[in-house]
Each structure stands twice: as C-alpha cells, then as structure tokens.
Amino acid sequence: MSAISQWRLRAAFAARLSRMYGQEVPAYTTLVDVSREVNEDVLRARGADAERLGSIGRVTAERHGAIRVGTPRELAQVARVFGALGMRPVGFYDLREAAASAVPVISTAFRPVDSEELARNPFRVFTSMLTPADPRFFDADLRARLEAFLAERTLFPPELLPLADRAEAEKQLPEDDAERFLQLAVAAFELSSEPVDRAWYETLERVSAVAADIGGVRSTHINHLTPRVLDIDELYRRMTERGIEMIDTIQGPPAWKGPDVLLRQTSFRALAEPRAMRTPDGSVISGALRVRFGEVEARGIALTREGRARYDELLGHIDEQASRSPAEARGDIARTVWERHMPGTERELAAEGLAYFTYRLAADRPRDGSRPPTTIGELVRRGWVCADPIVYEDFLPRSAAGIFQSNLSGEGTRNNDHEGTAYDAAWLSGAIDREVLDPYALYAQQQNSSLAEVARELDLTGTLG
C-alpha cells in the first residue's frame, strides 16, 4: 500500500477544510473567487514581478486558518494533530495586550518551517487559547465554572490522536490510515449542530465574545480561512462592489509605492449563522451567533528585529498624528509617515539590516578575473550577488486583534484594576511539551545559510556581513 507524505497530508487537509468551510460560509467561496480573479489580473499586469514573493501556484493554494481552544491540554492535542502535517508552533502572540477591548487569549501559529515545505504548501493555523486565570476578565467564580466546563469536553475523537502521532513520527501514513486521519481531522473542525446553552453562552459573552465562542460550546471550529491575494486594496474594492460588507480598514502597513513588508489583512464582517439554542427550561429554540468571518491577506518581506522595531515605532507615530488630526484619513497619515521613515527599495532595506533576504550568485556577475568584494552590500551593488526577499510567514498581534475586534458584537468587560496573568513563549512551550520556535531565528537561519553558500562559491573567508 502506498504511503502519503506529510506535505501531501497537509495539502489535502487544507483543501478539504476549505471545501467544508465554503459550504458552511458561502461568502468565503466568494472571497476565494475574487482573490483568484485579482491574482490573475495582477499576474497579467506585472508579469514576473508579481511572483517576487512566491509563485502564483503557491499564492493561489495558500491558506491560513484560525481556531480557538480553551486549555493547555486542548492546545497540546491540537499540536499533535498539526504535527502530523509537518506544522510546528512558531511565535507567541498575546492578544490581551494588543487589543483595547476584551480579547482574553494568547496564541501561536502552527506552520511548516523548512523553506522547501513552505514552497510545497504553506498552510498555517493561527491558534488561540483562552486565559481563564486572568482576573482582568474572569472573577474566581466564573473562572471555576469555566475551567470545569472545559475539563469535561472532548474536542478530538480518541482514534485521531494516535494516527496523528504516527504520522508525525513516521512523516507519512499508509493510504487507508491517511484517509481516515483526514476524515476525522476535518470533521473535528466542523461547526457542531449540538444546541448551545444560551444562558451559559451569554454569561461568557458579557465578558468577551471571543471567550463565549471558545468556552460557551462543547466543540471547536474553524473561525476563518484566509486566502492570499496580490493586491488587497483591489480585493477590498471588488468585494465591496459585490455587496459583501467588509470591516472598516485594512490592518497592517499602508499601501504605498515601496516594498510590501510583513502582512496586510482585512475581512468581511462576521455573519449571523443559525444555531440551535437550549433555554433554561430545556427547550431548544432557533437562534443566531456572529463569530465567524472571512479574512484575506497580502504577504510582504520578513523584517528583522530592527525592522520590526521601526515598524512598531511608525505605528506609534501614526496613532499620535491620527489622534491630533481626527478629520484626516488614517490611511493618508500612514502613507506619509511610511514614505518619510521607511526605506523605499529592497536594496535599502537590506543595506540597513531591516529585512531578511536570501542571496545567490548572479548569472551575469563579473568574470574578468577581479576579486569579489567581501561585504554582502558591495556584492549586491556591484552585481556579483542577487538578493531575494524572504516572505513573512507569521502574524502581527495588533493586526490579529484588530480583525478580532472589528468582528465582535461588543467590547466586553475588562477590569484593569487587576494585574494580568503572565504568559510567554517559554510557558507555552512547557504547556504543550514542544518548543515554540522563534520566527526571527528561522528567518535568520535561512538568510545565513545562503550567505555561507555565497561565501563558499566565491571562495571568501570569514562571515559575510
């Protein structure tokens, strides 16, 4: 019997999840269709430049999903399921601090980390975990009730997790086992038809709509799936023309004439979905919940720590100027700040150490017998070496929180008289018994590996800088 490799499992899971979510949320299918149309138009208009940050095949297939769980135990089980697909936890995000309203979750993202695996299928899942121990959101009584509720539920069928462990250990599954794994894994993220306890859900919703979506039901589900688009501003315009209500802004860096960096995101607004609701007298009535939405993203170049510090600094400038000039469009303010303070070319980003690139010998490099320069900047400037941008594969907590907030029905409650419970990447690593990887280290490793190869091919000693 033939075996199915991890990356093929990952691709099949992403495709099946996409089909399932399209059936549950038809507006998502519209989003995918419009994204494909925009990408085809951009490719025709820009040619090879459109594929600077990934082939059109990769961009078209690309998705990231988002799920929410309630406990470290559930998150550890999620890690096993995604481990089967060659996806590892990367980055720690504290949305409690990134949001002004009540978003009581911490998050990580499961994704491939090897460049070849990313090129084959870059499926990612942004995974958030509720923080019942944070007294700013949950008093002692509600925390106890919530933790008891979460302890009683089972998100994944017992048959799924051993299959996941086997796929992770062997990096493949026999065909029949692969099919069973995919069936069980996709079903685990379907929207449940089980009636929701209305009183319990509303109790949590008064604290946070996100908390209710996680802890007010006995299952988990996909909150959104996100296609990648090459022109998110044009996508926003076309979706609006089709009568799809979008959130007010595109999160992340502004549209401008320079290189795209990091991540820009937007979404259509969460839709009212019919749900069965159980009332206190035990009867079941028809209700509706607004928790799921359709997100879309445009990915740019990965920034170094110094580049990210510059980005965060510019956001502060934009916030300050927007508060002083409320009548001026925030997008116009952002563009002006960006053009004043952010390098306008890839070469400048590289020269200032603000972004990550891989380097390779130029096919038309000098061949007159001269010795090459010994710094990467001079090698690029004088035509010995080409710099290719590394795609940003991760997420921005402020943008994620902005998307969450834009789709909430209310701001919830948050008592800042209490001190928040501390969490970090080390805590999360221990909770799920696997290392939460540092995205900067992954990008730096990719860049440094290419520099070492250039140095070897040009017979240069020492480290290129």
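Me: Before we start, what makes two strands count as a pair here?
Reply: This is a predicted model, and the pairing comes from DSSP. Two strands pair if DSSP finds bridges between them, and the number needed is at least two.

Me: OK, in which sense do strand E7 and E10 pair?
Reply: E7 covers residues 196-197, and Val196 stands opposite Met277 in E10. There are two bridges between E7 and E10, and their sense is parallel.

Me: And how many bridges link E10 and E11?
Reply: E11 (residues 284-290) runs antiparallel to E10, with Arg278 opposite Val284. The hairpin has five residues between the strands, and Gly282 has a positive phi near 95 degrees there. As for the bridges between E10 and E11, the count is seven.

Me: Are H4 and H18 roughly parallel or roughly perpendicular?
Reply: The axes of H4 (residues 72-83) and H18 (residues 425-432) come within 8 Å and cross at roughly 75 degrees. Angles of 65 to 115 fall in one class, so H4 and H18 are roughly perpendicular.

Me: What class are the residues in that contact of H4 with H18?
Reply: H4 brings Pro72, Leu75 and Ala76, while H18 brings Trp427, Leu428, Ala431 and Ile432. The contact has no polar and no charged residues, but seven nonpolar.

Terms used
Residues are numbered from 1 along each chain as its sequence is written. This is a predicted model: local features need pLDDT of at least 70, side-chain atom pairs count only at pLDDT 80 or more; totals for chains, interfaces and linings use all residues. Side-chain values use heavy atoms; hydrogens and water are left out. Axes are lines fitted to C-alpha atoms, for helices over the stretch in contact, and angles run from 0 to 180 degrees between N-to-C directions. Helices (H or I, at least four residues) and strands (E, at least two) are DSSP runs, numbered from the N terminus. Angles under 35 degrees count as roughly parallel, over 145 as roughly antiparallel, 65 to 115 as roughly perpendicular and the rest as oblique. Contact means heavy atoms within 4.5 Å. Ala, Val, Leu, Ile, Met, Phe, Trp, Tyr, Cys and Pro count as nonpolar, Asp, Glu, Lys and Arg as charged, and the others, Gly among them, as polar.
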